[in-house]
Each structure stands twice: as structure tokens, then as C-alpha cells.
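Subject: Structure for your review

Hello,

Please find the structure below, with the sequence alongside it. My notes on what turned up follow directly after.

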Amino acid sequence: MGGAARGTTDGSAAIVVEQLERVYPGGLKAVDGVNLEVAAGEIYGFLGPNGAGKSTTVRILTTLLRPTGGRASVAGYDLVREAPQVRRSIGVALQEAALDPLMTGRELLALQGALHGLKRAEARLRATELLERVDLVAAADRLLGTYSGGMRRRLDLAMALVHRPSVLFLDEPTTGLDPVSRATLWQELKALNDDGTTIFLTTQYLEEAEQLADRVGIIDHGRLVAEGTPQELGRLVGEPGIYVKLVDESQTELARGLLAVHGAVSDRRAGGLTIRTALGARAIAPIVRTLDEGRIELDAVEVEEPTLDDVFLAVTGHPAEEEPQDSAQ
Amino acid sequence: MSEFALERDLATQGRVIVALAQRALRVQLRRAQFLLPSFLLPLLLLAVVASGTSAAQQLPGFPATGSYVGFVVSGTIMQGTLLAGLMAGIAMASDIEGGFFDRLLSAPVHRASLVLGRVLGTSLIGAVQAVLFLSVALLMGADFDGGIGGVLIVIVLAALSASAAAGLGATIALRTGSLSLMQNLFPFVFVLLFTAPAFLPRALLNPMLKSIADWNPLSYVVEGMRAALFDSPALGSVWGGLLAAAGSVLLTCALAVWAMRSRVKA
């Protein structure tokens, strides 16, 4: 069972990656010298647009792909020399919830149990436990072809948990899910983490990383370009912005001109303007005064903390949703 | 590895192979796309060949086997097992393209077990095919002098040839990872079948076909089936058939394991 993982019993890191590199035949460098460390019991968010190298990194860390350079250990085991031990210690849910549509949820969980060395009766018992945990008891004996996207994702997560892994790898676990299914899955991941499971999570959703991750790494063009807690990364952007919502939107351009003396003004948020100044929240009073003197009536004023969107833009020079041309996945 | 650990490991891998074989069987039996070619198509060909070309039995040199259907059913079984092997390859390519294979690879199992699970599942399909096709042949008037013993040997030969075909299908699927390529291999099953004495005795094939048949291991398997069914060494060698089938299983499974290793190292 994965709970006995070497690296998580002595307080050391659950995942250690040093100068990891993967060059595909043809010369494309999908992962380019990545270094990172994930502590046992941590949720690590691995963030980046499509083609940035997220999935390639996960495939390497789950032993599905060999690195062409560098080294890594997971749960205390070397990724290349001790691959079977790594596989015993990890749970994996890859993109798109690859499940066989001609099997039932219960059958798939029992198969996963057998793959992880459980005897028939143990595997059946564990399948029942997990079906209850992910609220799929009623659908347990239906073919997977009849499951919704959210149900498939929950089953995918349950399959990754069959052998009680100490480290869980989730590759874009909520991509394509509706907000309710996404929130349900987040709750389950938080509960798992509360039980001590280390989670390595890739996502394109900045909100997901902010909600779940203790620390976040941002990858772009195969390189780790920033790393830290969401708050630390927020500080890379600078002081928070001030958002002002106007009563009369036709005065927006007038307000923009007046507020330019305080700092950079943008209209990225609908219905108002955001002003970034070196003063941060202390700029509220002068901003309100300026608008008052210009006879522009205010509906609301808010301090706007930097988001990971801002961080991504600040460290990569392009927005998170922009897809690089040399997509590597 | 200690003796205990080795035994425990072998027991675990045994459970893995059985679980994967069960899955292979379930999926094949639940999908008409897999089931129809493996079971229905050979029966249709049996009906067509038995009724349309039975005059071949009048040719000089054709062995005395009672009804013509009794002679050709061995070819039908061979066709079924080849198609079951192709379906196994298609199912594996489908797993690779759909991502399910990655799930199997991320589990702590021997790579060979992933191949052997698929092969075992297909061998059981081969055994079921043999029982079904022989039953239909009996209903169509065949009479087998070899009795139950002969039938059991044919079931074993069918299971082995289905295993060999599954090993070959798995090899191609693992090397290419392409579902569409696997689906396009369908005609090659008939090339293999018609370059073996599936529906005519080897002596009655034209010289070119006969020389190809001499090199085709399926020739020895199909003739071994006939020898067992009719208890007649003149029709072939049971041991030759068993040797050819077992050798093909070893060769194709070794190729599939090699293809698997190449794939995961890439």
C-alpha cells in the first residue's frame, strides 16, 4: 500500500524534481530543466496553458514517460531506478478520465484493485467503500457509457485511490466540468488532503489553483517561471489595484482621463475601471477625491487583490489562456 | 528477491492476468463490433463453403471424412481464432488511443502481465468458438470419429491459435498505437487463412499456394485439428499441430512483450 511510502514517513519531500528535461524525437523540448519540491501533505498546483509542458511533466512523474535529462523522486523512490515502487505509492488520474465505456463503475474499481495487488474479496470491499465515498453507489452497476462527465471524473478519482496512495497526481481533473461538479470534486480533494495525501494538480484554471493549492508552480514553454504560495505570487504583481464602479457608465472615458494621474488605468473588469498605483489601498482617498472633483458619481469602490491571472501575465508576458505555438503535448 | 517475495509476486501477477483476461472477455462479449466478426462471420463462411463448394469432396485425392462440413470446420475455427486475435489487437489499440492503457501502465504490474491478460482472455474466446463451431457442424451433419478426446484436442488447439493471433494483434497495436491501422488489417486474416489448407487438403492446393502453406504454421494447426477430429494420422499430425500452435504463442507473445518494452521506453 502506498501509505508506507519511503519519502512521506520521515518528513522529507514527497516529490523532488531536479533539472528535469524531456526532449521528444525531432528535438522538441517539452520540459526544460524544471526544478521543484513538494512537501508531504501539500497540495501543489502546476499551472500553465495548453502545450506549456504540464502534462509531459506529470507523465514523467507517474513513470509513463522517461525523462531525457535530470532526475526526480516520488514518495522517496527514484523515478527511473525504482519505478515499480513509485507506481505502488502513487494514484493517477490523467486528462479526460480515460475509462472503458463497456465496463461498470464497480467492475473498473475491482480491476484497479487487482492491478494494485488486492485479492478478489478485498478489491470488491474497497470498490464498495470508494463508490460510497464518491457518491456513485446508485450508478455502480451501470455501464460507464451512461455516466455524465462529473460522474466519470469522480469515478476516475476513486480509481486513483483504490490502493490508498500517499501521493496523488491529477492532470486537469475538472476540465470540462460544470461549476457544481467542479465544486464537489474540490471538496473531495480537500478532504483527501486533510487525511494526509499529497496532491500534485495540474490545471488551466487559475481559480482552481487559488482555491486548492498550498503552493503554485507556473510553467511556460517547458520552464518553471514562478513558484510560491498564491499570496507570494500575488506580491510579484505589486500592490493591489483599486476598482471603481461608476453610477453613469457614459462618464467612463472622462474618469479614465482624470484617474491617469494616479497610475495605470484599465477596464478589464466590466462596469468600471481598475487603477494600479504604487500606494495600493492607500490610494483610495485620493482617487475618490479626484472623481468627486470631476463630479463623477461613484457606485462602489473595492480593493482588488492580484489574481494568478495577473501573476501569469507578469511573469510570462502573455495571458494564461494564450496557447503557445510550439505546443508540446 | 526472496523466494517468498517471488511467490507472492507471482501470485499477484496471476491475479492481475486473470482480472485483465476477465475484462478482455467482458468487453469483447459486450461489443457487437468485436463479437460479430469473431462468431458470426466464420459461421456464415462455414455455411457458404459447406453448401457451395462441397463438390470439392469428389476430387481425386480428397480424404474420406464423411460430410464436407466436418472437413472444413477446422478452417472455420482457424478463421474465428484469427479474427478473435485481430479483435484483441483492435481492443488494445482502442485502449491506447483512448488513454485507458496509460492507466494500466501506471499500475505496479509486470509489463508482460498486460500482454498475457489480453492473450488469456482471447484464448478463452478461441475455446468457446471451437465448441460453438463444432456444435454447428454436428447439427449440419458432421460426424467426428475422434470422439470427445479429439474435440478436446481441437479446443486446446483453438485456444492456442487464438492466443498466438492475440499476441500478433497486440504486437502490431503496441508498435503502431493506431486503431485505424488495426481495423485495416482485416483482409490479411483471409490471406493467412487461404494460404493454409483451411478448406482444401494441402495436396490439392496449386503448387505456389502449397509451397506457401508449407511455411505457414496455421497449416499444421488446422491439419492437427482434422487429425484429432477424425482420429486419422493421414490428415495431419496432432503433435505437429500442438507444436506449431505452442511455438506461435511463444513467438508472438515474446514479440508483444518486446513491443511493450519499446513503447514504454520511447
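Over residues 1-7 of chain B, pLDDT stays under 50, and the model has 1 contact beyond four places in sequence for this stretch. Where pLDDT is low, the predicted coordinates should not be read in detail. This is a predicted model throughout. Chain B as a whole has a mean pLDDT of 89, with 96% of its residues at 70 or more. Within chain B, helix α1 (residues 3-30) has the lowest confidence, at a mean of 80, while helix α6 (residues 147-176) has the highest, at 96. For the complex, the predictor gives an ipTM of 0.83 and a pTM of 0.80.

On the interface: 21 residues of chain A are in contact with 21 residues of chain B. On the chain A side, α3 (83-89) and α4 (105-115) each supply at least two of the residues that touch chain B. By type, that side of chain A divides into 11 nonpolar, 4 polar and 6 charged residues.

On the cores: the largest nonpolar core has 167 residues, and the members that touch the most others in it are Val74(A), Phe200(A) and Val154(B). Helix α3 (residues 68-98) of chain B contributes the largest share of this core, 18 residues. Apart from this core lies another, of 10 residues, including Leu259(A), Val265(A), Leu273(A) and Leu291(A). In soluble globular proteins, nonpolar side chains tend to be buried together.

Going back to Val74(A), its contacts, leaving aside neighbours within four places in sequence, are Ile15(A), Leu61(A), Leu79(A), Val86(A), Ser89(A), Ile90(A) and Val167(A).

Two backbone angles may be worth checking. Most residues other than glycine have a negative phi. Glu172(A) is not a glycine, yet has a positive phi of about 50°. Glu172(A) sits in the loop between β7 (167-171) and α7 (179-194) of chain A. Is Glu172(A) buried or exposed? Glu172(A) counts as buried, because it has 21 C-beta neighbours inside 10 Å, and the cut-off for buried is 20 or more.

The other case is Asp231(B), also a residue other than glycine, with a positive phi near 50°. Asp231(B) is placed in the loop between α10 (217-229) and α11 (238-265) of chain B. Asp231(B) has 14 C-beta neighbours inside 10 Å and therefore counts as partly exposed.

Regards

Terms used:
Residues numbered from 1 in each chain as written. Chains lettered and ligands numbered in written order. Contact = placed C-beta atoms within 7 Å. Helix = DSSP H or I, 4+ residues; strand = E, 2+ residues; numbered from the N terminus. Nonpolar A, V, L, I, M, F, W, Y, C, P; charged D, E, K, R; others polar. Core = buried A, V, L, I, M, F, W, Y, C linked by C-beta atoms within 7 Å. Buried ≥ 20, exposed ≤ 12 C-beta atoms within 10 Å, placed from the backbone. pLDDT = per-residue confidence, 0-100.
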